[in-house]
Each structure stands twice: as structure tokens, then as C-alpha cells.
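Hi,

Here is the structure I promised to pass on. Have a look at it first, and then read on for what turned up.

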Amino acid sequence: MGILDKFKDLNAAYDDIKSAGADPFSVRFDEMLSSTEAVVGGKKTILFGTNNYLGLTFDQHSVEQAVTALRENGTGTTGSRIANGSYGWHQRLETELAEFFGRRHAMTFTTGYQANLGIISTLAGRDDHLVIDADSHACIYDACKLTSAQVTRFKHNDFNDLRKRLSRLEDKGGNIIVVTEGIYSMLGDKAPLKEIAAVTKEFGGYLVVDEAHSMGVLGANGRGLAEEQGVEDQVDFIVGTFSKSLGAVGGFCVSNVDDFDLLRVACRPYMFTASLPCSVVASVVTSLEKVKNGQFLREKLMNNAQRLYDGLRNAGFDVGPDVSPVVAIQLTSPDLAVAFWNALLEEGLYVNLALPPATPMGQALLRSSVSAVHSQKQIDNAIALFTKVGREFGAITPERIASAS
């Protein structure tokens with residue numbers, strides 16, 4: 001028996017997807033033209049699948065700061081901060097993140113995935129209870145595998161079900177740790193965070209919120225859903241990433257919990273992973289300033305998101321429940337989604353193909369992520385291409401158009 005034979009069903013499914021056209025999981029950008037355009041297969045392609053919410057990957061100031069830091073500090077740190085020490089840029093970023101969120105403590109990770117993996121698996125000990133939303137990101141589920149705590153799932157965004165689950169744990173001893181997200185990455189729906197926070201505190205629990213897709217997007221100052229819903233003081237740990245609104249790579253956690261710095265010597269994904277190179281950190285520090293002063297960018301982003309959401313809904317597509325920079329259409333089968341995705345790419349539009357089991361309720365999705373730097377023309381072109389292909393594949397009908405309007 002071969003070592004990879006256990007994946008034969010996955011391999012067969014992957015072969016079916018590739019046989020339908022381009023490989024959606026290995027798209028190559030031959031040349032990046034801007035935050036919203038690239039050359040794919042020799043063709044200029046509009047990018048609606050990058051999570052580049054504020055369009056900062058090509059921000060000139062961030063690029064120049066990164067280049068300067070690269071020249072001054074070299075290409076990498078070659079080890080973890082515990083073993084190899086911290087650079088000034090690391091400490092500066094943590095100080096500025098803490099100040100931005102109004103917290104006393106911050107620590108950074110090499111990826112956003114590691115931030116959730118490390119923080120959640122370290123906080124939840126043997127006698128504790130880890131309670132997560134059923135639609136949580138893979139990194140949250142993987143954190144559950146690393147902890148010896150009891151893990152309980154509550155129905156997606158259902159704070160009444162959360163209350164029911166917590167009531168069963170009330171007399172079990174140990175700490176209760178509830179984990180939710182700001183904006184969920186597949187359908188772009190928001191958590192009812194105000195209600196979740198109230199239920200968590202009712203049972204004396206700690207609340208962890210992953211603001212990966214909502215930092216820089218929501219709230220008057222861009223601090224995320226907790227700021228937008230006015231519950232920042234009820235969130236014990238905010239986790240996030242630099243790979244969305246901040247246009248780079250890395251992750252972080254901020255908190256006011258006492259003795260927070262103990263996590264640096266208790267959290268294995270922090271202790272045993274090489275730290276971010278200073279070039280990346282410098283770009284993040286610079287982009288964070290853009291977020292702090294980015295009200296115009298956030299307004300433009302949400303206007304763009306509303307334009308795409310309304311356009312697809314009015315065309316007759318099933319879209320998510322909330323307007324956010326993540327705009328997904330729901331299709332009736334994976335086969336249709338794969339064919340639809342290929343047709344869009346052939347027309348010069350790149351979006352994300354999302355298939356079960358990675359999607360909620362086994363849905364087949366085409367997921368778009370909107371940027372503040374998308375032009376209205378690009379958004380209207382995307383709507384027109386979705387509509388054209390949707391009609392060709394019978395994914396929208398006059399009846400559905402009438403019901404959408």
C-alpha cells in the first residue's frame with residue numbers, strides 16, 4: 001500500500017476538476033499588473049479573488065519601506081524570536097498593534113493560520129472547554145486537534161444554541177473559551193457578536209474573535225466587527241492576519257489579559273517558527289498607518305461591495321445574507337461551479353472556486369473578494385460576465401431574476 005493511497009478518493013475528485021479545464025487550485029499569475037489585474041495564460045484578467053480588500057499590496061510607501069528594511073536587515077531572521085531574538089521592527093509592530101486596538105499586549109506570528117492555531121491551542125487546557133462556531137475556519141479546527149480540552153460546536157451564528165451549549169458546561173469546572181469570527185470567509189456573513197459576547201459573559205467565559213476578514217474593513221477606525229458592534233471591551237483576545245487588508249503575510253493577537261507575555265514561552269507555534277522578515281514587518285507597519293487613516297478607503301470598499309452584491313443579486317444569483325467584501329454566489333452542484341469558474345476565467349475574470357467539504361452546508365460557491373481599488377467599470381464588467389455565463393449555464397432564469405428584484 002502506497003503512503004498516499006489514503007487520498008485516492010481526493011485524487012479522483014481532483015482529477016475530475018482538472019479534466020474540466022484549468023486547475024483552479026494552481027492558477028499562475030504570469031505578471032501582476034496592479035492590485036486588481038494580472039496576466040493569466042497570456043490574457044489580461046480582472047482579479048476578484050485575492051482578499052486584497054484595501055488594495056495595499058502595491059502601496060508605494062509600503063513597498064519602499066519594505067525595500068529599505070530588506071537592505072538594512074537582510075532577507076530573513078533564520079529562526080524564531082525565542083531562539084534568535086527580536087528585531088526592532090518586530091517590537092515596533094507589536095507596540096503599534098496594541099495601540100491601534102487599545103490593548104496592553106500584542107504578539108505577532110508568521111501567518112494568520114499560526115496565530116489562531118497557536119493562541120487557541122495554548123489557551124485551552126486539559127480541564128477547559130473550547131466552544132467554537134460550526135463554520136469556523138480550518139485553522140480553528142486544527143487548533144482543536146492540538147488541545148486536550150473538550151471541544152463543543154454551536155450552530156453557525158446561533159447565539160441561542162451557544163447559550164444552550166454553555167448551560168451544559170456551567171458546572172463542569174475549567175475555563176470556557178468561545179471562538180467566533182468577524183466576517184466569515186466563504187459567504188461573507190457577519191457574526192452576531194454583540195449577542196455572542198453577552199452569552200459568553202453570562203457564563204463567565206473568555207471570548208476569542210478572529211477578525212481576519214474584518215480588520216481594516218469594519219468599524220469607524222477599522223478595528224473590525226467588535227468595534228462596529230460596540231463590544232470591544234467584552235472581547236478578551238482578538239486574532240487577525242496581515243494577509244488581507246494589510247496586503248502582506250503574518251498574524252497577530254492582542255489582549256488586555258494579565259501575564260499575556262507568558263504565551264511567548266507557552267505557545268509552540270510561536271516558539272518554534274522562524275519570525276517574519278523585517279521587510280514584511282516594515283510593510284505591515286506602514287500599511288497599518290493607512291488603515292488608521294483609511295476611512296475613505298473603507299467607504300469606497302463598502303460601496304464597491306454593495307455594487308457587486310446588488311448587481312449579482314439583481315441578476316438572479318443566490319448571494320450571502322450580508323453585504324461585505326466577500327460576495328459569494330451559491331450554485332446547485334460542484335460540477336456546475338467548476339464549469340462556471342472555468343468559463344469566467346476564459347472570459348478574463350478570476351474568482352475563487354469553493355467546494356465541499358471546505359464550504360458551509362456542502363455548498364458549491366464562486367467567491368469574489370472586493371477591493372477598495374476596484375473601479376466601477378471593473379465591478380460592472382464582473383457582474384456582466386457572471387450574468388452572461390449564468391445564463392449560458394442555466395444558473396439564472398427569468399423567474400429567479402423576478403424574485404431577486
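Let's start with strand S12 (residues 326-331), which is mostly covered, with five of its six residues buried. Buried here means under 20% relative accessible area, exposed means over 50%, and partly exposed is in between (1.4 Å probe, protein chains only). Helices (H or I, at least four residues) and strands (E, at least two) are DSSP runs, numbered from the N terminus.

Before going further: this is a predicted model, in which local features need pLDDT of at least 70 and side-chain atom pairs count only at pLDDT 80 or more, while totals for chains, interfaces and linings use all residues. Residues are numbered from 1 along each chain as its sequence is written, and side-chain values use heavy atoms, with hydrogens and water left out.

Back to S12 and its neighbours. Two strands pair if DSSP finds at least two bridges between them. S12 pairs in the antiparallel sense with strand S11 (residues 318-319) over two bridges, and Asp-318 has Gln-330 in S12 as its bridge partner.

Strands S2 (residues 37-40) and S3 (residues 43-47) run antiparallel and are joined by four bridges, with Val-40 partnered by Lys-43 in S3.

Now the aromatics. Rings of Phe, Tyr and Trp (its six-membered ring) pair if their centres lie within 6.5 Å; planes under 30 degrees apart count as stacked, over 60 as edge-to-face and the rest as tilted. The whole structure has ten such pairs. One of them is Tyr-14 with Phe-25, a tilted pair at 5.9 Å centre to centre and 50° between the planes. Tyr-14 sits in helix H1 (residues 8-19) and Phe-25 in the loop between H1 and strand S1 (31-32), so this pair ties together parts eleven residues apart in sequence. Both are partly exposed, Tyr-14 with a relative accessible area of 25% and Phe-25 at 45%.

Another is Phe-29 with Tyr-350, which is edge-to-face at 5.4 Å centre to centre and 85° between the planes. This one links distant parts of the chain: Phe-29 is in the loop between H1 and S1, Tyr-350 is in strand S13 (residues 349-350), and they are 321 residues apart. Phe-29 is partly exposed at 31% relative accessibility, whereas Tyr-350 is buried at 10%.

Elsewhere, ring pairs link Phe-100, Phe-101, Phe-242 and Phe-252 into a cluster.

On a 1 Å grid over the protein atoms alone, a cavity is a set of points where a 1.4 Å probe fits but cannot get out, and a pocket is an open set with protein on both sides within 12 Å along at least five of seven lines; lining residues have an atom within 4 Å of a point. The largest cavity holds about 110 Å³, where a volume is the space filled by probe spheres set on the grid points, joined across faces, edges and corners. Its lining has 14 residues, with Thr-108, Phe-109, Thr-110, Tyr-270 and Ser-275 nearest the centre. Strand S4 (105-109) and helix H11 (268-271) each supply at least two residues of that lining.

Pro-356 and Pro-357 are joined by a cis peptide bond, with omega about 10°, and Pro-357 is in the loop between strand S14 (352-354) and S15. Met-361, in the loop between S14 and S15, has a positive phi near 55° without being a glycine, and is exposed at 73% relative accessible area.

Cheers
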